[in-house]
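Welcome to a short tour of side-chain contacts. Keep the structure open while you read, and look up each residue as it comes up.

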Amino acid sequence: MANVCVGTAKAGQWKGIVGRKCRKTAGRRDVARKAAQEDGEEDVGLSLDDILNLTEAADDAVATENVTPVAKWFKKNVYNEKYLALHYGLSRSKWMGASTVPPSHLKGTVAGDYGFDPAGFSADPAQFQRMRESEIMHGRWAMLGVVGCILPEAIQSGTTGEDGMLKNAWFKVFSIGSSAEGVAGSDLIGSLQNSPTLLALVAMLLVVSVAEVLRTKEEGIERIYPGGGTFDPLGLAFDASCAKDLKVREIKNGRIAMVTMLGFFLQAAATGKGPVENLIDHLADPVGANVITTLDALSP
């Protein structure tokens, strides 16, 4: 494979897309040079189509050189081509079933496109890109928010306050003492001084704000999927097919998380309790504590 790059270069054919593919990885050139010296090749004499096919395979070979054990396990046990076919392309699953005729501008080329855009908001490519970016970022925040709402309450689910409610409901985490007033009912400076958790939140917002400013300076796909070891430490997206699979899983979980956060807000407004305590109440009395009674409590 590497010999192809070396041979075509010596024959004066190393240019255009072939040149870009051959040159994109310096390590591949070193391997190619060594292999050519060992084989004594001067010119492989292949056609342009052969070279393109071989360099595509070389891309995949380079991508899999340093695959982590976890990524190998994901590729073997989780990744599924049939699953991928359900979420991309013209034959993908549609939001109202196979009979759905999606708008012409939704062609199934991006993760999470199930042909739903009745108002035509994404007909303009620039608008579509902006809305796609916004949805992914809100979904990521919502996934973090769901964990942040459940975890404080779950780790002390047996500890109740003076009012009989669980102490660590997400909307009470920043309360001072036994008060349930929260940030809105107390002095902000006093809250910062007396609540390390609130101070940590302010610090997190500052750090995230800086990161968001830097992110918005990026162009193209890097604004959404920066990649690299920092954002993919397990190397799961080591090839294009796995990356497409992970994008689908992310957007689906992000959408569920956004709806879940809305449910948490409505539950807190209606019952004054966190999600864990609401779940406990529902399991104890499914008829008296459910989504219908929650919505009824919100009605005027």
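The report below goes through salt bridges, aromatic contacts and a surface patch in this predicted model.

## Salt bridges around Arg 215

Let's start with the charged pairs. The count of salt bridges comes to nine. One of them joins Glu 133 to Arg 215, with 2.9 Å between the closest N and O atoms. This pair links distant parts of the chain: Glu 133 belongs to helix H7 and Arg 215 to helix H9 (residues 196-216), 82 residues apart. Glu 133 counts as buried because its relative accessible area is 9%, under the 20% limit. Arg 215 is buried too, with a relative accessible area of 14%.

Arg 215 also meets Glu 212 in a salt bridge, at 2.6 Å from N to O. These two residues are three apart in helix H9, so about one helical turn separates them. Glu 212 is partly exposed, at 30% relative accessibility. Through shared partners, salt bridges join Glu 133, Glu 212, Arg 215 and Arg 223 into one network.

Next, find Glu 250 and Arg 140. Their closest N and O atoms are 2.5 Å apart, in a salt bridge. Glu 250 counts as partly exposed at 22% relative accessibility, and Arg 140 counts as partly exposed at 22%.

## Aromatic rings and their neighbours

The structure holds two aromatic pairs. One of them is formed by Trp 95 and Phe 116, which are edge-to-face: the centres are 4.6 Å apart and the planes make an angle of 80 degrees. Both residues lie in the loop between helix H6 (81-85) and helix H7 (125-154), 21 residues apart. Trp 95 is partly exposed, with 45% relative accessibility.

Lys 75 lies over the face of Tyr 79, 4.4 Å from the ring centre. Over the ring of Tyr 83 sits the charged end of Arg 249, at 4.5 Å from the centre.

## A nonpolar surface patch

Leu 262, Leu 266, Val 291, Ile 292, Leu 295 and Leu 298 make a nonpolar patch of about 560 Å². Helix H11 (240-271) and helix H13 (291-298) are the elements that each give two or more residues to this patch. H13 has the largest share, with four residues.

Leu 262 is found in helix H11. At 49% relative accessibility, Leu 262 counts as partly exposed.

Methods: Residues are numbered from 1 along each chain as its sequence is written. This is a predicted model: local features need pLDDT of at least 70, side-chain atom pairs count only at pLDDT 80 or more; totals for chains, interfaces and linings use all residues. Side-chain values use heavy atoms; hydrogens and water are left out. Patches are made of residues with over 30% relative accessible area and no salt bridge: like charges are joined within 9 Å, nonpolar side chains (Val, Leu, Ile, Met, Phe, Trp, Tyr) within 5 Å. Accessible areas come from the Shrake-Rupley method with a 1.4 Å probe; for residues, only the protein chains shown count as cover. A salt bridge is a side-chain nitrogen of Lys or Arg within 4 Å of a carboxyl oxygen of Asp or Glu. Buried means under 20% relative accessible area, exposed over 50%, partly exposed in between (1.4 Å probe, protein chains only). Rings of Phe, Tyr and Trp (its six-membered ring) pair if their centres lie within 6.5 Å; planes under 30 degrees apart count as stacked, over 60 as edge-to-face and the rest as tilted. A charge sits over a ring if NZ of Lys or CZ of Arg is within 6 Å of the ring centre and within 35 degrees of the ring normal.
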